[in-house]
Amino acid sequence: MDKTIEKQLMIDAAKVRIGIIEGIHEAKAGHPGGSLSCADLLTYLYTHRINVDPQNPDDPNRDRLVMSKGHGAPALYAALALRGFFPMEEMKTLRKIGSRLQGHPDIKTPGVDMSTGSLGQGISAACGMALSAKVSCDPYKVYAVLGDGEIQEGEVWEAAMFASHYQLDNLVAIIDNNGLQIDGKVSEVMSPYPIDEKFEAFGWHVININGHDFGEMEKAFNEAETVIQKPTVIVMRSTKGKGVSYMENVVDWHGKAPNDEQYETAISELKAYLAELEK
Amino acid sequence: MENKATREGYGEGLCALAEVRPDLMVLDADLAAATKTSIFKKKYPEKHFDCGIAEANMMGVAAGIATTGKLVFASSFAMFAAGRAFEIIRNSICYPNLNVKIGATHAGISVGEDGATHQCNEDIALMRAIPNMTVINPADYVEAKAAVLAMADYEGPTYMRFGRLAVPIYNDESTYKFEVGKGITIKDGKDVTIFATGLMVAEAMEAANALHEQGIDARIINIHTIKPIDRDIIVKAAKETGKIITVEEHSVIGGLGSAVGDVVLEECPVPVIKLGIKDVFGHSGPAKDLLKEYGLCAENIVAVTKATLGK
């Protein structure tokens, strides 16, 4: 990947992370850990991969993204704001009465392609979108972002069977493998490993990447474009809480908001990092 | 009268619907032969998609299809559609208010020999509790077919309930028009109103004849749409006949009786006697014997009506 492009992605991802932290702090509730772990992915997808037009969010030919791990809503909203669907300032209305930014994604929000939040369901909807595109020969692609804990849901494997059976090569699922869920390590709560081999056995094309390396991300999505008659899954090793030192790999930060002091620390870290990049 | 199951009307209705809605897609969960989507599959194999024995995923797939603007039906037995897939229907279909139609067959005790695991008497209660959902329970083959066809231009999540058992066709296909949300007065009467839905409508009609012979003038109303329910026809009946009996092949908790009762309680309180499955599980046996055993037959409607009127 070109160094200038990569640097711009890092700058954009830092802005997304600031949006996430500001939104969750303002709301006094939300899920920072799993939002920060997929912030790089969503930044990349909405700036480099997904064909959407903020001026025409319901364009029938647009690519779709289903945030199957719906609790990562702050990351989705911040990425949509970055892409121009609404002002980044609106992140401060997150989870408040009257806000378009509901606690979990709501299809009525501009840019949000599916209501999600109850784990395991988004991937099925993504399969339906991809099948519909096949039936009417529409060229759009469907992306679904899942958590590694989420794939403990049986419905995910029903959908995995379905996508492979109907050869949905217009579908790319990304597993945000940050290794932690509410009750602890996914390996200890209920191990989904080996994730890649499981999807392979279900008939998917599997790619393993580092979820914080934009170069690897680009290669993986390019590779997915070349796969025919099979859905692709990108198993993305990531760090929960990525970008905020005290949140990284700490299970406690799955679903709580930083207090004022913690917020100041997080924001100054992210802003210092952003300033360094923008030098 | 010819007998035919309402599920046959579902299959035939889908074929008729495909002619006016070429974007129609039909999903099933390995039950096409039983739900009668097989009739549609034979005619439109490229529009029929088997999802395997995976109802949760099927409902989610239907939701995804609906977001792209196509008309989609998802089919299974009532037990697995409304029961197993309840939460997907709530969160992935009704919350985003997507235009998914659910064709649920083999509802109620008249499933018969398969027994309690397959006799779903709770689906109306489950489905009508969800915001945005419409609940339709056709009474005969003609009404079932017409109801499906009416979905061509009826937007929004809709649960359609069909039966396994062949029941009398009393409507005339050439003249019948289905209107969502409109109760149908089959027979006027002044002494009592019997509200029936689904397979119980034919039983209520038979009961009305017997009651007439015994000097009781019963009004018979078919409520094919349980949600949104026809409030006007209920209030009018409460005011004019003073006593109400509801008959359904469903639990007395949360079904037609509860829906009618809610309206009566708010607008014109009169006694409402609910005939249905009385908070118990069913068991195996021939459908008609089971319906008798659980009191869902013309004889029992007559007996309950007479008792209600003190005659």
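S132(A) reaches across to the other chain: leaving aside neighbours within four places in sequence, its contacts are G64(B), I65(B), T68(B) and K70(B). The model here is a predicted one, so keep that in mind as you read.

**Where the chains meet**

- S132(A) sits in helix α5 of chain A, which covers residues 122–135.
- Is S132(A) buried or exposed? S132(A) counts as buried, because 24 other C-beta atoms lie within 10 Å and the cut-off for buried is 20 or more.
- For a sense of distance inside chain A, S132(A) and G241(A) are 109 residues apart in sequence, and their C-alpha atoms are 36 Å apart in space.
- Across the whole interface, 23 residues of chain B are in contact with 21 residues of chain A. On the chain B side, α4 (55–67) and α6 (86–94) each supply at least two residues. The largest share of that side, nine residues, comes from α4(B).

**The nonpolar core**

- The largest nonpolar core has 196 residues, and the members touching the most others are C127(A), L27(B), A62(B), I194(B) and A204(B). Domain 1 (3–168) and domain 2 (184–303) of chain B both contribute residues to this core, so it lies between them.
- As background, nonpolar side chains tend to be buried together in soluble globular proteins.
- I194(B) has contacts beyond its neighbours within four places in sequence, among them A204(B), A207(B), A208(B), I220(B), V247(B) and I301(B).

- How many residues of domain 1 of chain B are in contact with domain 2 of chain B? There are 28, and they meet 30 residues of domain 2. On the domain 1 side, α7 (123–128), β6 (134–136), α8 (141–150) and β8 of chain B each supply at least two residues.
- Helix α9 of chain B (residues 200–213) has 14 residues and spans 20 Å from first C-alpha to last, close to the 20 Å expected at 1.5 Å a residue.
- The buried residues of α9(B) include M200(B), E203(B), A204(B), A207(B), A208(B) and L211(B). Among the elements covering them are β10 (192–196), β11 (218–222), β13 (244–251) and α13 (298–309) of chain B.
- After α9(B) comes G215(B), with a positive phi near 85 degrees.

**The sheet in chain A**

- Five strands of chain A make an open sheet in the order β1-β2-β3-β7-β6, with parallel pairing. β1 (64–66) and β6 (205–210) of chain A each have a single partner strand and stand at the edges, so one side of each has no neighbour in the sheet. On average, neighbouring strands are turned by 20 degrees against each other, direction ignored.
- Helix α9 of chain A (residues 214–226) packs on the sheet, touching β3 (171–177), β6 and β7 (232–237) of chain A. The direction of this helix makes about 170 degrees with that of β6(A).
- β1(A) is joined to the parallel strand β2 of chain A (residues 142–147) by three bridges, and L65(A) stands opposite Y143(A) there.
- β2(A) and β3(A) pair in the parallel sense over six bridges, with L146(A) opposite I175(A).
- β3(A) is mostly covered, with seven of its seven residues buried. L171(A), A173(A), I175(A) and N177(A) point one way, while V172(A), I174(A) and D176(A) point the other way.

- N97(B) is not a glycine, yet its phi is positive at about 55 degrees. N97(B) is in the loop between α6 and β5 (100–105) of chain B and is partly exposed, with 17 other C-beta atoms within 10 Å.
- N132(B), another residue other than glycine, has a positive phi near 75 degrees. N132(B) lies in the loop between α7 and β6 of chain B and is partly exposed, with 14 other C-beta atoms within 10 Å.

Terms used:
Residues numbered from 1 in each chain as written. Chains lettered and ligands numbered in written order. Predicted model: local features only at pLDDT ≥ 70, side-chain atom pairs only at ≥ 80, totals over all residues. Core = buried A, V, L, I, M, F, W, Y, C linked by C-beta atoms within 7 Å. Buried ≥ 20, exposed ≤ 12 C-beta atoms within 10 Å, placed from the backbone. Domains from an automatic or database assignment. Contact = placed C-beta atoms within 7 Å. Helix = DSSP H or I, 4+ residues; strand = E, 2+ residues; numbered from the N terminus. Expected span 1.5 Å × (residues − 1). Pairing = 2+ DSSP bridges. Axes fitted to C-alpha atoms, helices over the stretch in contact; angles between N-to-C directions.
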